[in-house]
Amino acid sequence: MVGLFHFNVQYVAGDVAGYHRYRIQTIGPFLSILERNPRWRVSFEMSGSGLEFINQFDPMLVRRMRRLIEAGQLELVSSTYSPSLWVAFPRRDLVKSIELNRKCLQSLGLPISRIFFAQEAFFGAGLGTLSSCFDAVVCKDDYISYFSGDVNVNTAYRLDDVRVIVGSNHLVNELAALSRTGKLPRGMAQRFTYRFARAEVNLPAIRQAAFSTNEWGWYHLGSGHHACMPADPGDWDNFFSNSAWTEMFEWLVNTYLENGCEFRTLAEYADAINLQTLPSLPPVIEGSWNSQRSEGVYTWMGKQAKPWENDTGILALAWRSRQELVLLEEQIRAIHPVAVPSQLTDEVDRLWTLQLMAESSDSLGWSPTSSEVRFSPSYAEDVFKFTDRLRQTLNDQGLTVPDSGVSLCTLAQASEIPATASPFCKATLVGGDGVINTISINENLQLLDLSFEATDSNAGITIESFPPRLIYCPSGQENVATRLEWTALHPATLFIPLANGLLGLADELYLIRNNIYSQVAARADKTTGALSFLISGAEIAKVFHWQFYIYSGELRDAVILANAINCI
């Protein structure tokens, strides 16, 4: 049996006191549980930035982790540097996050994992491109079920040259839910059912004759802090490690050992799976665990539960700071075309750590506090500040930073008198008062420039052209467009992140969202045939300024154009 325990130090992002409470009440007690139970083997997941925080303030915890890793009790799964909304940003950012995370792990003396697992279990087909870094990627069974419509999903799939391990169950969360009823029967182990998989295993020769197959199952995939208490980190008066709770948790998990189960790591599970025998991953788009509730990615890209949320503003700011950083990085390469000095490389890497924190999901999803909403923007502001400082330093050293050139966005904004144009497609404001200007850039390209004031909690635009099929570039694969039939995806309404902004509207007609103005997910309602970009829970009287390009031409050229506009 395998169990993956997900830990996020910045669960309440931006509240440093909360980070320390999490460290003291969760990480230390969880390691103590393992130290008391030498037969346990668990997968412990945390981003590199969280591990850095722990090492900075309590290096003994990292030393304890190393000892448990050496003893074979703890498998560290750490894939990205920050707990980011990777599905909303380009592959360049994801690869950089993996690269910086591995440097972080090496500096802490921790092993590099070959298993990929993301914050909120964010998943998409673009992860198939990571075979050089990972042997397996993990998603949740409810994610596959959400898009396939089939509750009986397989336990593993093939995605290009990567194994997709489908996790299930959430033991400690179910315990927490039961605790709220006041009923914790001693026979609780029998209340849970587990999905098992038959997988071909590669055992040492001495055992191959007796054991050609093995049975694998999940007992937990989810948050790890519930191993120590039923409360969540935001519940300050109750978020304390509870010895009676951990005792019950240990008893329950040990029942599996007593009944003949053995605990294994995810790496061992991946090694046991023959990639060549796996069925292909069914059609999916980007999403998370709890997909029914999150509606894929909408919870982080337009669905706002609190009046202080600002998904489109936070994401747009992160895209603007990213653009500044990417342009500076390319300008530095122009100054040093052969090799960038290591000191300068280190400076740029430090900027990327800030940018990757600006891309965190914690300021966006579920129900962020007002302090969490400021978390990502504060890092974006740091990127602006330090990028400008580095650019000035280079100029002071006589290293002139070449002009990166005028973008299409700049050209469109510079048009003092927008050309009167017959729009390639019609857009209509919803829940807002304002204007949509259609600007001709050339015979094949138009800009929809819109400003509006929200008059309703559901505000945005509808596009009066429903695509015959879904054509877009999956997150992590911005150079390759994919075509999916709407019938291949089960939900009646789909939310598509569009990391490079591209969405097919019709044959040789494409929409390109300018991400530095907005990154509301595209909403495709298959029942009504409506395509829209809508904020749910918009602040009344808030003014928005969005831009979309409409391109008439070949798909190959549309992809190139989208990547240029969004500085991919």
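Predicted model: local features only at pLDDT ≥ 70, side-chain atom pairs only at ≥ 80, totals over all residues.

## What the labels rest on

Q: What makes Glu99 and Lys96 a salt bridge?
A: Their side chains meet with N and O 3.3 Å apart. The cut-off is within 4 Å, for a nitrogen of Lys or Arg and a carboxyl oxygen of Asp or Glu, so the pair qualifies.

Q: Where do Glu99 and Lys96 lie?
A: Both are in helix α4, 3 residues apart, which is about one turn of the helix.

Q: Why is Glu99 called partly exposed?
A: Glu99 comes out at 34% relative accessibility.

Q: Why does the pair of Arg92 and Glu330 tie together parts that are apart in sequence?
A: Arg92 sits in helix α4 (residues 91-107) and Glu330 in helix α11 (residues 311-335), so the link spans 238 residues of sequence.

Q: What makes Glu324 and Arg391 a salt bridge?
A: N to O is 3.9 Å for Glu324 and Arg391, and the cut-off is within 4 Å, so the pair qualifies. The two link distant parts of the chain: Glu324 is in helix α11 and Arg391 in helix α14 (residues 375-396), 67 residues apart.

Q: Why do Glu324 and Arg391 get the labels they do?
A: Glu324 has a relative accessible area of 28%, so it is partly exposed. Arg391 has 18%, and with buried meaning under 20%, Arg391 counts as buried.

Q: Which residues do salt bridges that share partners join into one network?
A: Arg92, Glu329, Glu330 and Arg333. A search of the whole structure finds 22 salt bridges.

Q: How does the lining of the largest cavity divide by class?
A: It has 5 nonpolar, 6 polar and 1 charged residues. Glu counts as charged, and Glu45 is among the lining residues.

Q: Which elements give two or more residues to the lining of the second largest cavity?
A: They are α5 (141-148) and β16 (493-496). The largest share, 3 residues, comes from β16. By class, this lining has 6 nonpolar, 2 polar and 2 charged residues.

Q: Why are β4 and β6 called edge strands?
A: The open sheet has 4 strands in the order β4-β5-β7-β6, with mixed pairing. Strands β4 (115-116) and β6 (156-159) each pair on one side only.

Q: How do you know that β4 pairs with β5?
A: 2 bridges join β4 to β5 (residues 136-140), and the strands run parallel. Pairing needs at least two bridges, so this passes. Ile115 stands opposite Ala136 in β5.

Q: Why is Ser294 called buried?
A: Its relative accessible area is 0%, and buried means under 20%, so Ser294 qualifies. Ser294 is in helix α10 (residues 291-294) and touches residues including Trp289, Trp300 and Trp366.

Q: What is phi of Ala121, and where does Ala121 lie?
A: Phi is near 55°, a positive value in a residue other than glycine. Ala121 lies in the loop between β4 and β5, and at 1% relative accessibility it counts as buried.

Q: What about phi of Ala541?
A: Ala541 has a positive phi of about 80° although it is not a glycine. Ala541 lies in the loop between β20 (530-536) and β21 (543-552). At 43% relative accessibility, Ala541 counts as partly exposed.

Key
Residues numbered from 1 in each chain as written. Heavy atoms only, no water. Buried < 20%, exposed > 50% of the residue type's maximum accessible area, 1.4 Å probe, protein only. 1 Å grid on protein atoms, 1.4 Å probe; cavity = no way out; pocket = protein on both sides within 12 Å on 5 of 7 lines; lining within 4 Å. Contact = heavy atoms within 4.5 Å. Lists of a residue's contacts leave out its neighbours within four places in sequence.
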